Amino acid sequence: MYKRHTICSAVIAVLTFPALARAADDPVNGALEEVVVSAFRRASVIELDASITVLNAETIATAAVENFEELISLIPNMNYSGDGSRARYFQLRGIGELEQYEGAPNPSVGFIVDDIDLSGIGGSSSLFDMNRVEILRGPQATRFGANALAGLIYLQSAEPTQELRANAELMVGNENTWSAGAAIGGPLAAAVSGRVSVNKYYSDGFYNNLSLGVEETNQRDELTVRAKLRWDINQGWSVKLSLLALDYHNGYDAWTPENGRLTYSDNPGEDTQETLAGSLRIDGALGTAVELVSITAYADTDVLFSFDGEWGDAAYWAPYGYDYVYADRRSRENWSQEIRLLSAPDALMFNDSTSWVIGLYGQRLKESNDIVSQGIYDDSADEPFSFCMPCIDSTRLFSTYESKNYAIFGKLDSQLSERLSLSAGVRLERWKADYQDLFIDEIYGDPDNVPSNSFSPRENLWGGELSLNYQLAGGSRVYVRVSRGYKAGGFNPSLARAFVPSVGLGPEAITFDPETLINYEAGIKGLNADAGLRFDVTAFYMDRKDMQVRSSAQFTDNPNDFIFITSNAQGHSYGLEATLNWQFQEDWTLHGALGLLESKIDQYGLDREADIEGELIGREFAHAPSYTANIGLSWHSDLGWLARLDINASGGFFYDYSHDEKSSSYRTVNLRLGREWTRWAVNAWVRNLFDESYKVRGFSFGLQPPWFSRTLYTRLADPRHYGVTVSYRY
């Protein structure tokens with residue numbers, strides 16, 4: 001492991017050194033400067049005291065194909081859980097959810113699109129007409145609160161302008177893949193502009209279902225519609241309305257008892273999402289001393305997540321009768337309001353050296369779940385040793401969840417000297433939730449005594465940050481930062497519902513405490529337009545208190561019957577993140593990203609399942625690869641020819657906390673070749689050029705009759721994928 005770290009570090013160091021040697025001594029203000037829109041104030045990447053990756057429209061267009069998940073390989077210390085048709089659960093620095101099978105959302109990684117909070121459900125994100133993607137690693141408590149314990153993903157689509165602009169795109173590829181998109185924007189009145197974009201994507205999904213004799217049971221069928229309206233009022237006031245509609249009707253047939261690309265499901269699943277959402281942002285000056293920002297956001301989402309419980313059909317499992325299905329219909333409504341006041345030049349403090357921000361935030365999230373689990377197991381073929389002749393299961397879980405968050409926050413940015421600045425921020429938050437469920441066992445249950453849960457936790461939470469930033473000669477900056485993140489506590493509904501002595505846990509295990517994370521960072525950021533250079537390096541150490549570790553235990557031989565248990569533990573991690581973008585010649589750019597991560601669970605109080613031999617104490621976090629790396633080369637000639645090559649690598653990682661099965665390391669290569677004209681462009685692309693077979697999710701449990709022995713089952717990432725894209729812009 002350390003040998004791999006050394007190799008990756010050496011590659012980045014060798015590639016970076018000649019670029020650093022060319023950095024000029026003059027302050028930087030050139031084309032490489034980027035603006036972060038997720039900060040309280042608009043700030044350049046180099047000015048922000050945080051580990052951040054910003055991918056602009058050009059990078060998005062040349063390095064990805066259609067969806068946000070295809071950009072993850074460019075982001076240091078980021079991973080995702082392949083639990084669904086698209087990446088929906090993300091991990092930053094090894095922290096983040098792996099799935100959600102119960103109706104109490106509690107995300108560690110925020111996911112925001114055009115100021116709309118889609119955390120936990122936002123992996124379905126088309127990149128067509130996307131202007132920029134920002135990924136902030138480490139706690140972002142002052143700005144975003146409990147949903148950003150590990151960091152934040154912020155997507156901004158293209159903005160309206162006062163010039164008429166339009167673009168269109170048509171793509172075709174293997175696996176019956178195609179997409180079509182169109183966007184148009186421009187002036188609607190003297191001070192009003194708008195933009196509308198529509199994108200449709202379809203693919204068969206890389207699996208063949210032998211049971212049904214079809215190839216599209218894992219299809220991706222996705223429609224994304226965005227609209228923006230901007231009104232620039234007199235005296236510096238502006239109003240922006242952003243609307244979003246998602247209609248994703250994807251299949252979910254990616255699991256097989258044989259861990260391949262041939263499935264045997266007779267009831268293939270679905271992973272659908274319908275979202276209607278919008279945000280209203282109002283900016284303006286209240287005199288010469290204070291600026292006002294108001295952000296109102298609303299999202300209404302319906303999700304259907306279902307799968308074939310035993311991944312087979314009657315012929316596959318013969319002579320046993322074995323057939324299960326699982327379906328979760330989820331409805332979520334999320335409303336939020338943020339109002340903040342920012343100091344203008346006339347309101348600076350301490351001899352005009354310090355700017356300030358103060359704000360209020362409120363959020364209400366409501367979610368309901370309707371989970372159906374049905375099936376039959378018949379081992380009559382083993383008579384006289386059979387024990388199910390047959391065993392029939394039919395259960396239904398209704399749950400409702402509502403949480404309310406109220407927060408007050410503030411931040412001071414002080415210029416201590418010409419080169420040294422200090423920032424300090426704090427957020428105080430009140431969180432309360434109400435959860436109720438009803439569990440109906442239609443076969444074995446007592447209709448007069450239906451099990452139910454009811455929880456109403458209330459908590460006061462706080463987080464903040466303190467950082468120093470020093471500007472070096474030549475425009476580079478170094479910073480040190482200490483930040484405290486937090487995440488609300490919760491409860492274990494399935495444990496409470498299945499509470500029996502054989503589980504070996506007392507009532508105290510039903511609830512778990514809030515988690516806090518203390519993050520220490522030190523970094524250097526450099527930007528020199530004359531040398532065509534941008535780089536940053538960050539080292540970090542994170543101490544997790546009351547770390548929330550979620551595991552599961554198989555309760556019976558029913559493949560749908562699991563108890564999910566989140567408990568508090570202790571852990572720590574440390575590592576490094578580095579990115580590089582160097583235009584070393586007029587036509588050539590070298591770019592790279594490196595993430596190194598060491599993580600460890602220091603304390604864990606629960607006993608694991610009897611057939612798990614290893615200890616969780618001393619082990620790494622789940623979905624936390626020890627390294628992620630990208631190195632790439634781009635060429636863009638004066639004649640319009642272009643090419644981009646990316647080599648991506650990732651270390652192995654543990655799939656879960658419930659077992660100790662681990663993925664292998666892998667490498668992939670992506671390539672794009674094309675030609676641009678004044679308005680037209682044609683690109684041929686291939687992802688995973690050498691058809692690397694690697695896994696993005698793994699489960700270890702008993703599936704196969706009659707002994708139901710624990711076995712590792714894995715989901716494969718997309719294989720080689722290629723196509724041609726034709727685009728037009730005006």
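User: Which strands form a hairpin with four residues between them?

Analyst: β21 and β22 form that hairpin. Strands here are DSSP runs of E with at least two residues, helices are DSSP runs of H or I with at least four residues, and both are numbered from the N terminus. This is a predicted model, in which local features need pLDDT of at least 70 and side-chain atom pairs count only at pLDDT 80 or more, while totals for chains, interfaces and linings use all residues. Residues are numbered from 1 along each chain as its sequence is written, and side-chain values use heavy atoms, with hydrogens and water left out.

User: How many bridges join β21 and β22, and in which sense do they pair?

Analyst: They pair in the antiparallel sense over 21 bridges. Two strands are said to pair if DSSP finds at least two bridges between them. One of the bridges sets S414 against its partner L422 in β22.

User: What holds paired strands together in general?

Analyst: Strands of a sheet pair through backbone hydrogen bonds, in either a parallel or an antiparallel arrangement.

User: Which strand does β20 join, and over how many bridges?

Analyst: β20 (residues 354-378) runs antiparallel to β21 (residues 391-415), and 24 bridges join them. Within this pair, G375 stands opposite D393 in β21. The loop between β20 and β21 contains P390, and the peptide bond from M389 to P390 is cis, with omega near -5°.

User: Which residues of β23 are on the covered face and which on the uncovered one?

Analyst: In β23 (residues 452-455), N453 and F455 form the covered face, whereas S452 and S454 form the uncovered one.

User: F455 interests me. What does F491 touch?

Analyst: Leaving aside neighbours within four places in sequence, F491 is in contact with A104, Y401, Y435, F455, P457, I510, T511 and F512; contact means heavy atoms within 4.5 Å. F491 belongs to strand β26 (residues 490-491).

User: Is F491 buried or exposed?

Analyst: F491 is buried, because its relative accessible area is 7%. The classes are buried under 20%, exposed over 50% and partly exposed in between, with a 1.4 Å probe and protein chains only.

User: And Y541, where does that one sit?

Analyst: Y541 lies in strand β29 (residues 533-554). Its relative accessibility is 35%, so Y541 counts as partly exposed. Not counting residues up to four places away in sequence, Y541 touches I518, N519, Y520, H572, S573 and Y574.

User: Changing topic: what is the strand order in the open sheet of five strands?

Analyst: The order is β3-β8-β9-β6-β7, with mixed pairing. The edge strands, each pairing on one side only, are β3 (51-56) and β7 (116-117). β3 runs antiparallel to β8 (residues 130-137), with six bridges between them, and V54 has E134 as its bridge partner in β8.

User: Finally, the chain as a whole. How many helices and strands does it have?

Analyst: The chain has five helices and 38 strands. Buried residues make up 57% of its 730 residues. Among contacts with a separation of 6 or more, 69% come from residues 24 or more positions apart. The C-alpha atoms fill a box of roughly 85 × 55 × 55 Å along the principal axes.
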